[in-house]
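This report covers two chains in turn. Please keep the sequence and the model open while reading.

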Amino acid sequence: MKRKHKRLSFVGLALLLIAAAAALVLNAYEESIVFFHSPTDIIEKKVSSDRRLRLGGLVEEDSVQKKADAVVVFNVTDLSNSVSVRYRGILPDLFREGQGVVAEGIFKDGVFQADEVLAKHDETYMPPEVADALKKSGKWDAMGEEMKRQGHTPKDSK
Amino acid sequence: MIAEAGHFALVLALFVGIVQSTVPMVGAHRDNTIWMAMAKPAAMSQFALIIFSFGALTYSHVVSDFSVVNVYQNSHSLKPMLYKVSGVWGNHEGSLLLWVLILTGFGSAVAMFGGNLPPSLKARVLGVQAMVSVGFYLFMLLTSNPFERMFPAALDGQDMNPLLQDPGLAFHPPFLYLGYVGFSMAFSFAIAALIEGRVDAAWARWVRPWTLAAWSFLTIGIALGSWWAYYELGWGGWWFWDPVENASFMPWLAGTALLHSAIVVEKRDTMKSWTIFLAILAFSMSLLGTFLVRSGVLTSVHAFATDPERGVFILLLLMIVIGGSLALFALRAPALKSTGMFKPISREGGLLLNNLVMSTGCAVVLLGTLYPLFLDAVGGGKVSIGPPFFNAVFIPLMLPMLFAMGYGPMLSWKRGDLAGASKRLIVAFIATGIAAAATVAIADGGPFFGIIGMAIAVWMGVSVLVEMAERIRLFKAPGKAFARLMHQPRATWGMTLAHLGMAMAIAGMAGAGGWKAESIQVMKPGETVTVSGYDFTFEGAKSGRGPNYTIIQGDFQVTRDGEPVAMLHAEKRNYPVRQMPTTEAAIHTLMTGDLYAVIGDSEGNEGGFVTRIYFNPLVVWMWIGSLFMVVGGTISVSDRRYRIGAPTARQSKSGKSAEAASA
C-alpha cells in the first residue's frame, strides 16, 4: 500500500466518522435540545405541551405549598409574570423562596409540570438564565435591591 | 507577613519563568550550551518559589488568618483541619496556585531526570513549560491574587460551601489537576519537537509515561468527582453530562487517543504529526476544562461562585496557546517524516480507529458543551443540552470502537489477519451471545442500549482474557503459562488491566443506566416500600449534632424476602454559618447494585418524611473498573523501558528475567 493510499484511507475513515457523528447530532437535535423560557415568555408565547422546556426565575415569596404524596406546588416569577409549577419529589437543598431556580419539564393546562428542579450549589449565585430573564422583564435593579436587603453581597465587590 | 512573602515568591517565579521561557529557547536556536543549561536551575527555582508560595497560602488557611480575603471567603475557624487544608485549593485563586505548583513540579522533574534527552530538546521543552507557567502567573497576579489582604480583618470566615466539605471532593481537584497538568508535559514535548522538526522513538518514550501518568490521574479525578456527585448530591445519578463534567471528560478522551497513538510512534515510527496534534489537543482541552469551570460562562448544576470579568483574560490566554500551537503545527508538521507503513487491517489501523473515534467523541462533547454559548452569543435564544443529546450521540459513536477494542490487540503490526483473529475470538463471540441472552432473561427485557452495553462489556472482558491467554500460551503449553504470565512486560499488564477495567466500567454504566429503579413517596414510621425486590422499612427520624452542622437522620431497615440486608442512615445536615442544608444519601453497596436512600422534608405531624429510594444496579463495577484502569496505567508507567530511555537489548532482558525467576 502506498503512502498516498494510507492517507486516503485515513481521511476516508475520518470523514465517515464525522458524517456518522453529524447524522447522530442532527437526529438528536430536535428532540433533545431544551429551550429556556422566562415566565413572561411562557405566558405571552404559545408553548406547545409536547416539548420539554426550562423555566427560570425566582421562587415567589409565600407561594410554596406542600400537597399530599410528596407533591410541591410553587410559583416561579420574573417579577412581571409568574407561572405555577408542580413537582413531585425532594427539592434541592438550596431551594428557597425568593431565590433563583430553574425547572425542567412541560407546560400543560396552565401548569408547568416539572420533573427536575435545579437550584445552585452556592447561595449567592444567580443562574445566568434567571439573571437574563429578570433583566428582560426590567426587574434586575429591583432584584439587586432585594438581594441587598436580604443581606447578600455579590462576591466580586471587595 | 507570611502572605506577603508568598505573594512576593509568586512575583519572583514570574520573572524566573520569563527568563526560562526565553534564554534556553534562544540558546537552543543558536546552539549555545550555556544558555540552554540555564533551563535546569530556572525550573528548579521556579518550583521552589511556588512551593514556598503554596506553603504560605496553606499556612494562612491552617491558622485561619482572616485578614487574607481568600481565607475569609472560604474558611471558618470551626472547620475541621482536613477541610482547612483542602480549602486551599477549593476556591478559584488557590486552585490556580495548585495548578502552577504541579506544573513547576513536573517541569523540575524533567530538569532533574531528563539527562538522557538531547540538550536542545530539553531546553526547548522547559522553555515551552515556562511559557505556560508565565501565562498562569500573569493570570493570577493580574486577576486572581490569592494573597490579597482586607482591612480590617474579619473576626471569622464565611465558611466553605458545605457541599465541598467532603473527603471525596477534598482530593478531586488535585487529581484532576495532576491530569490536566500532566498533559502540559506532552504538549511541551510536542511543541519542542515541532521547533526541532524531529520526532523519533526516543521522543515517544518520553511522552508516553507522562501521558500515561496524566491519564491515570485524570481517571482518578473524574472517578472521584463522579463518586462525589453520586453520594453527595443525592440524585442517585453519577454522571449528568453537565458542562463541568464534560470539561474534564474532553481532555480524558483526547488523552486516551494520545496514549494509543504514542505507542505507534514509538513502535512503528509513523503517525507522528497526528500524535503531535493529539498532544496539542489534549492540553488545549485541559486548559479549556480548567477555565470553563472557573470563568462563569457555563450554566451548570455544579457551577460554584464564578466571576465573568476574568473571562477576557482567559479567552486571550486560550487563543494564544491554542491558536499559536496550531499555527506552529500547520507550519512545521509537514516536515515530520514517517517511515512505517501499514495496511488498514493491522494493529496500527486499530489504534488509528481508536484515535479517530475518541477525537470524534471529543468533538461531539465539545459541540454539545459550547453550542448553548454559541447560540446565545448569536442571539438564538437560551438552550440547554443535557443527557438526552449526549446519550443519543455519544453512545452509538463509541459502540463500534468498543467492539473493535476486542480485535485490536489480536492483530499484528503492519498487516493483520481479520479472519484469523475472528477465529481466535470465537470464545468471546459465544460469551457475548450468552451474556446478551442472559441479560434479557434475568432482567426480563430492558432498554436496548442496556442490553447492548452488557453484551459489549462481556465481549471486551472476554477478548482481553483470550488475548492474554494466547500470549502466555495457556492452552497450548499450560505448564509454563504461569511463568510466562509473570514475565510479560509491564506495559502488557497495564493494557490488559486497563482494558478489563474499561469492560467492568461499561458493565456498570449499562447496568445503572438501563435498570435503575426509583420511588418517591411520603413515608411514616413503620411503612415499607419495595424497590427492585428489596423492602425498605422507614423506622423514623431523629435529630443530632455534628462539628459544624446539625443533623436529621432517617433510618431504614432493608430486607429481601424477609432476610435482613442492611440498615441505612440517610442524613439531612444544616450548616448554620452559610444557612445551607446538604443531603447525605445512605448507600449500601452490593456487588449486584447499590441500595440508595435519601430523606427530604418532614410531612404532616405523624413523623412522616418525604423519601426517595433507588436501586442502582452494578454501580460498584464502575468504581472497580476505574480502579483497574488506574492500576493498569500505573503499572504501565513503571515499565522498565521508560526509565532507561533506550530499548532493552534482548540478552539483558532475558538475563533480568532469569534473575527475577531465580529470586
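## Chain A: contacts and make-up

In chain A, 56% of the contacts with a separation of 6 or more join residues 24 or more positions apart. Two residues are in contact if their C-beta atoms, placed from the backbone, lie within 7 Å. The model is predicted: local features need pLDDT of at least 70, side-chain atom pairs count only at pLDDT 80 or more, and totals for chains, interfaces and linings use all residues. Residues are numbered from 1 along each chain as its sequence is written, while chains are lettered from A and ligands numbered from 1 in the order in which they are written.

Chain A holds 4 helices and 7 strands. These are DSSP runs, with helices as H or I of at least four residues and strands as E of at least two, numbered from the N terminus. Their order from the N terminus is α-β-α-β-β-β-β-β-β-α-α. Chain A has 158 residues, and 37% of them count as buried, with 20 or more other C-beta atoms within 10 Å of their own C-beta, placed from the backbone.

## Chain B: domains

Domain bounds come from an automatic or database domain assignment.

| Domain of chain B | Residues |
|---|---|
| Domain 1 | 2–386 |
| Domain 2 | 394–513 |
| Domain 3 | 517–620 |

Taken over C-alpha atoms, the centres of domain 1 and domain 2 of chain B are 33 Å apart. Their contact takes 19 residues from domain 1 of chain B and 15 residues from domain 2 of chain B. On the domain 1 side, α11 (243–268) and α14 (347–377) of chain B each supply at least two residues. α14(B) gives the most, with 12 residues.

Terms used:
Buried ≥ 20, exposed ≤ 12 C-beta atoms within 10 Å, placed from the backbone.
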